[in-house]
Amino acid sequence: MFTHEDLSKMQAQSLKMQSWIRQQTFSPEMEKTLRRFSSWEVAELIFRVNQSTLRGRLSADPSLPQGHVEEDGRQRWYSLEEINELRRRIKINRKSLLPKRPAGKRALRVAISNFKGGAGKSTVALHFAHAAALDGYRVLCVDFDPQATLSHSMGLSDVTEDYTVWGIMARDLVRETERMNAVASGAESGTALPRRQLPDAITGMGLQDLRVSDFVKPTSWPTIDIIPSCANAAFVEFASAQYRHLNPEWSFFAAVSRYLDQLPAEDYDLMIFDCPPAIGYQSMNAVFAADMLYIPSGPGYWEYDSTTSFIGQLSEALEDLSAFNGVVPAGTFALPKVFQDVRFLLTRYESGNDLHRAMRSAFMKVFEGRMTEHPIEMTRAVEQSGRFLSSIYEIDYRDMTRETWRRARASFDQAYDEFKAYAVEAWEKLEDEA
């Protein structure tokens, strides 16, 4: 016989192991730190120029960051801050090294979502965020998943639910209710409209007084911030159902979108959402806030079946939300929900596997024109990065054979380059900032 007390003991024991794992993975201070990148990586893999060309520029201008030389070698190693300074200050063949960003647009928001657990959502979100940062973009990640895999991989583990998506939604409920009550009291007809009442248990939390910046946490990557998640944020699904009952006119699905609209437009270029493996209050907030939907899937039949179910149920859910059209003030957000692009991406793909090749053909036939060309391959390096809560970009290539590392990185580089091309195209379709 087992009760909640037994489960609590199991969790306490697991937390001890979790702490030990972090000690092996992160620095002695229990903080994740970002490694330096070799001049070879900076030239060929990040700037994609010849090494001799970069060395020539550095020699010609001593004021440029010269990197750090380790005691046991001649190779120079650069921090991401130094890489970005080089990116800003030099041009190759009169071409800027800065990434493409459509002028006058806010940050592009991308939701990485699917029904099935293990489809690679967190892995894709982590790698795309890191690849984008190495590409020169400023990135905000939003972890909607209470499993908090992305948050842990970014080095955040001591997170309270007040500063997760749940806190953003509860804050929005109070603020939206106050706004509705203000409209009710100011009705031109003189007729008192019904006022919505929230219990002290909600208003007393003080979440409505939190600043927009309070939810955003820095990571070990200087150009990546995150709105983290934690296990306790799982009860958002139960709480949100209660909140909707307290104020049926509250457009719960747009809470995160309203929050993101309050962030300074110049702070970020890309926003990447890691969604939970379910359609619920958190995932609906993610897809509603997104401009672009990226759907990763494993290469098996059950993954294909789950993906089919996901897009069907998501379609029905978004259709149901269209009923809010006209309930909220004009100009707040548009219904029905429109995505600038939708793409499907295969993960854990093995090119030598007959079933994987057959399923890839099926995906491409069914989702014609929406399927990405480059799947993410399953390699030893990818498996190792997952075990150590890191992306392939964070792993030093000296920790394994360079060929193994390069093969894994090439798979993610190709997937990211394709993602970037679709993202920029979708980005340009956004309305200009006022």
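**Strand 6.** I began with how covered strand 6 is: five of its five residues are buried. This is a predicted model, so I keep that in mind throughout. I then looked at which way the side chains go. L108, V110 and I112 point one way from strand 6, R109 and A111 point the other way, and all are buried. I noted that R109 is on that buried list too.

**Neighbours of strand 6.** Which strands does strand 6 pair with? I looked up strand 10 (residues 270–274) and found parallel pairing with strand 6 (residues 108–112) over five bridges. Within that pairing, V110 has I272 as its bridge partner, and A111 has F273. Strand 11 also pairs with strand 6 in the parallel sense, over three bridges. There V110 stands opposite M292. That puts V110 across from I272 in strand 10 and from M292 in strand 11.

Seven strands make an open sheet in the order 8-9-7-10-6-11-12, and the pairing is mixed. Strand 8 (217–218) and strand 12 are the edge strands, each pairing on one side only.

**Helix 5.** I checked what helix 5 (residues 121–134) lies across. My list reads strand 6, strand 7 (139–143), strand 9 (224–227), strand 10, strand 11 and strand 12. Relative to strand 10, helix 5 runs at about 165°.

**Helix 13.** First a length check on helix 13 (residues 354–366). With 13 residues at 1.5 Å a residue, the span should be 18 Å; the end C-alpha atoms are 19 Å apart, which agrees. Which residues of helix 13 are buried? I get H356, M359 and F363. Down the helix axis these buried residues fall within an arc of 65°, so they line one face of helix 13.

What do the buried residues of helix 13 pack against? I noted strand 11 (292–297), helix 12 (301–321) and strand 12 (341–346). I also looked at the N-terminal end of helix 13, which N353 caps, with a side-chain oxygen 2.8 Å from the backbone nitrogen of L355.

**T164.** I picked out T164, in the loop between helix 6 (149–153) and helix 7 (165–185). Buried or exposed? T164 has 0% relative accessibility, so T164 counts as buried. I then asked what touches T164, leaving aside neighbours within four places in sequence: V159, F215, P228, S229, C230 and A233.

Last stop was another open sheet, with three strands in the order 1-3-2 and antiparallel pairing. Strand 1 (37–38) and strand 2 (68–69) are at the edges with a single partner strand each, so one side of each has no neighbour in the sheet. Strand 2 and strand 3 (residues 76–78) pair antiparallel over two bridges. In that pairing I found H68 opposite W77 in strand 3.

Terms used:
Residues numbered from 1 in each chain as written. Predicted model: local features only at pLDDT ≥ 70, side-chain atom pairs only at ≥ 80, totals over all residues. Heavy atoms only, no water. Pairing = 2+ DSSP bridges. Helix = DSSP H or I, 4+ residues; strand = E, 2+ residues; numbered from the N terminus. Expected span 1.5 Å × (residues − 1). Buried < 20%, exposed > 50% of the residue type's maximum accessible area, 1.4 Å probe, protein only. Arc of directions from axis to C-beta. Contact = heavy atoms within 4.5 Å. Polar contact = N/O pair within 3.5 Å; in protein donor to acceptor, adjacent residues only side chain to side chain. Axes fitted to C-alpha atoms, helices over the stretch in contact; angles between N-to-C directions.
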